[in-house]
Amino acid sequence: MSRRTETLLWVAQRASAAVLALCVLVHLATMIYAVRGGLTGAEILARTRGNVAWLAFYSVFVVAVAVHAPIGLRAVLGEWLGWRGRAREVFLAAFALALAGMGLWAVRGVFA
Amino acid sequence: MSATLRVKVWRGGADGAFREYEVPRRESQTVLDVVTHIQRAIDPTLAYRFACRVGMCGSCAMTVNGAPRWTCRTHVDKVARGDRLEIAPLRNLPLIRDLVADMREFFDKWARAQGQFKGRRTRADDFERITPGSDARKRADAAIECIGCGVCYAACDVVAWNPDYLGPAALNRAWTLANDARDAANPERLRAVAGDRASLACHTHMSCTERCPKALSPTAGIAGLKRAVARAALEGEL
């Protein structure tokens, strides 16, 4: 991997961390607000179904996770297991796609 | 203060072991004094490295009671646990013998980080005017007093996990040159200090800053390099 690509990955991880910091705050505040009168699936769905704002918010959240986590895992795999090279990058690309796919599937599930 | 110190010293190569010596304790005794006493009065086969004895040359660094230190300016009173000292070679470097670490990789990394000054003027040109109070000059000044002792390199966990990582001293050197208006090598230098094997691998543990005997902060310099490298990558100049 070129130094420029490695540097852009580093920038992407910092940028996604900034997005996640905001998303996690909103997510936690919503959870605390939403469980005041008990938590039911029906109540969650009533809030999220057909709501484009929540669809957009959680889609951004999922994409930020799918960008952020694999880049961090890349350093962990390299430093702790000594796993570097092309096989690691392919594994992490698949991991990123899996995170994004499963996350967006779940977002779609509470929207549709 | 006890009359003698019990000193464990690493002997042999990587598969060696600690050997214990009894050394008379003295006022204002440094760890280097202790090692020198062992070599001159007890066991002349002990190998260690020193030169100036006054904290300028950077050649006497060793691991003292588990932490890397310059031994010539480390007082026994400050680091001994009771009457015990344990002295080992610097970590993260290949061992030649006893307390002598092989510094080649450490200095090769300075070269890989483009740690050489490359001037843009000839002797026919006038001097470059550098204002002492300019921000770039102040940043360079804050990092310039490195003596190349290797203490930061031995203290760095990222070097231990990623042996290709250039390490704090080489990156600190690159940072001083990145802030030197006279230097002509900066686009190449930024490429040299970008990526996983260089500035971006730093986890900001600050062990280098904690241990630097000259009270420098390689961490701050590396953070500056990260910003410069990121900017260059985004502007397509890397």
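Which share of the contacts in chain B with a separation of 6 or more comes from residues 24 or more positions apart? In this predicted model, such residues account for 64% of those contacts, a contact being heavy atoms within 4.5 Å.

Before selecting anything, note that residues are numbered from 1 along each chain as written, with chains lettered from A in the order written. Local features need pLDDT of at least 70, side-chain atom pairs count only at pLDDT 80 or more, totals for chains, interfaces and linings use all residues, and side-chain values use heavy atoms, without hydrogens and water.

Select chain B. Its C-alpha trace spans about 60 × 35 × 30 Å along the principal axes. Of its 238 residues, 49% are buried (under 20% relative accessible area, 1.4 Å probe, protein chains only).

Next, show both chains. Here 12 residues of chain A are in contact with 19 residues of chain B. Arg3(A), Trp10(A) and Glu79(A) supply 43% of the area that chain A buries against chain B, more than any other three residues; buried area is the accessible area (1.4 Å probe) lost by two parts on being put together, summed over both. The two chains bury about 1,400 Å² between them, 53% of it on carbon and sulfur atoms.

Now pick Arg197(B) and Glu6(A). They form a salt bridge, with the closest N and O atoms 3.8 Å apart; the rule asks for a side-chain nitrogen of Lys or Arg within 4 Å of a carboxyl oxygen of Asp or Glu. Across this interface the rule finds 2 salt bridges.

Note on methods
Buried < 20%, exposed > 50% of the residue type's maximum accessible area, 1.4 Å probe, protein only.
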